[in-house]
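Visitor: I would like to learn how to read a model like this one. Please take me through it step by step.

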Amino acid sequence: MNRNTRLTKTFIGTMTLAAIAGTAYASLGSHTLHPAFALAVLALAAATSRMKIKLPGIDGNMSVNLPFLLMAVVNLSALEAVLIACVSTIVQCWPKAGGKSKPEQMLFNVSMMAFATCMANMIWNAGWLGKAAWASEPLMLASATAAFFVGQTAPVAGIIKLAEGAAMRRVWLSIVQLSFPYYVLSAGMTSMVNLVSHHFGWQAALVVFPVMYGIYHSYRLYFGRTTEALPTKSLSRAAGAGT
């Protein structure tokens, strides 16, 4: 086993422990469970997790399930949100018929998504932050989305650095350039669903599905053309919602 392999395995183990610790800590402040809403969001997140887009220049993909993961973060308990993130990630990474399963890759992706979800949930539910004079629901959502973004993209850039020897800063900036607009869009959609859900309940989340289906096809067409014009760099095969 070479040094890079040992470091990669150590990083995956550390990511797993961080996810477990983060879930346990975030769950201490969890509010009441919402089974109907959680099941609806889980079904939508799992369905859209299979809508994967190949990112140009990076050996990875992006699913369009992020709005539903953010809805889970801001509307459900930490345990429900983490469960939804983990299940949808497993569905996303599950190999196609005849494909080969990669347990270490699956473990890393699930741990990374659980960790990012915990970070976002803790920011959203931070009492000291909510009491700040400048705090408002849009800013709280933006902060939670930023935490989710960093909690997801930084570990991916780290594992690519260890596995491939690529410069972490360059990899992270590449991921940011490709996925940042998608995070902004997802945060905006989550905000709109939260606004109307006070009147229509969890059913408001159903409206987002056809929108994300349309975005999936638009992104696939655009990135497909871009991929044809750019050489693919074998940076990683990690498959999270943002990479």
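**Reading the helices**

Guide: This is a predicted model. Start with helix α2, where the buried residues are Phe37, Ala38, Ala40, Val41, Leu44, Ala45, Ala46, Thr48 and Ser49.

Visitor: What span should the 15 residues of helix α2 have, and how far apart are its end C-alpha atoms?

Guide: At 1.5 Å a residue, α2 (residues 35–49) should span 21 Å, and its end C-alpha atoms lie 20 Å apart, which agrees. The check can be repeated on helix α4, residues 78–93. Its 16 residues should span 22 Å, and the distance between the end C-alpha atoms is 22 Å, in agreement.

Visitor: Which residues of α4 are buried?

Guide: They are Ala78, Glu80, Ala81, Val82, Ile84, Ala85, Cys86, Ser88, Thr89, Gln92 and Cys93.

Visitor: How many helices and strands does the chain have, and in what order do the elements run?

Guide: There are nine helices and two strands. From the N terminus, the order is α-α-β-β-α-α-α-α-α-α-α. Of the 243 residues in the chain, 49% count as buried.

Visitor: How are two packed helices described?

Guide: By the angle between their axes and the distance between those axes. Take helix α5 (residues 103–124) and helix α7 (residues 137–164): they pack at about 155 degrees, with axes 8 Å apart. That angle makes α5 roughly antiparallel to α7, the cut-off being over 145 degrees. The crossing of α5 with α7 is right-handed.

Visitor: Which residues of α5 and α7 meet?

Guide: From α5, they include Phe108, Met112, Phe115, Met119 and Ile123; from α7, they include Leu141, Ala144, Phe148, Pro155 and Ile159. The residues of this contact between α5 and α7 divide into 17 nonpolar, four polar and one charged.

Visitor: At what angle do α3 and α5 pack?

Guide: Helix α3 (residues 66–75) packs with α5 at about 45 degrees, and the axes are 9 Å apart. The two helices α3 and α5 are therefore oblique to each other. Their crossing is right-handed. Leu69, Val73 and Val74 of α3 meet Met113, Thr117, Ala120, Asn121 and Trp124 of α5. This contact of α3 with α5 comprises six nonpolar residues, two polar and no charged.

Visitor: How many residues of α3 are buried?

Guide: 10 of its 10 residues are buried, so α3 is mostly covered. Among them are Phe68, Met71 and Asn75.

Visitor: How does His217 count by relative accessibility?

Guide: His217 sits in helix α9, residues 208–229. At 31% relative accessibility, His217 counts as partly exposed. His217 and Lys52 are 165 residues apart in sequence, while their C-alpha atoms are 9.8 Å apart in space.

Visitor: What share of contacts in the chain join residues at least 24 apart?

Guide: Among contacts between residues at least 6 apart in sequence, the share is 78%.

Note on methods. Residues numbered from 1 in each chain as written. Predicted model: local features only at pLDDT ≥ 70, side-chain atom pairs only at ≥ 80, totals over all residues. Heavy atoms only, no water. Axes fitted to C-alpha atoms, helices over the stretch in contact; angles between N-to-C directions. Helix = DSSP H or I, 4+ residues; strand = E, 2+ residues; numbered from the N terminus. Parallel < 35°, antiparallel > 145°, perpendicular 65-115°, else oblique. Left-handed = near helix turned anticlockwise from the far one by under 90°. Contact = heavy atoms within 4.5 Å. Nonpolar A, V, L, I, M, F, W, Y, C, P; charged D, E, K, R; others polar. Expected span 1.5 Å × (residues − 1). Buried < 20%, exposed > 50% of the residue type's maximum accessible area, 1.4 Å probe, protein only.
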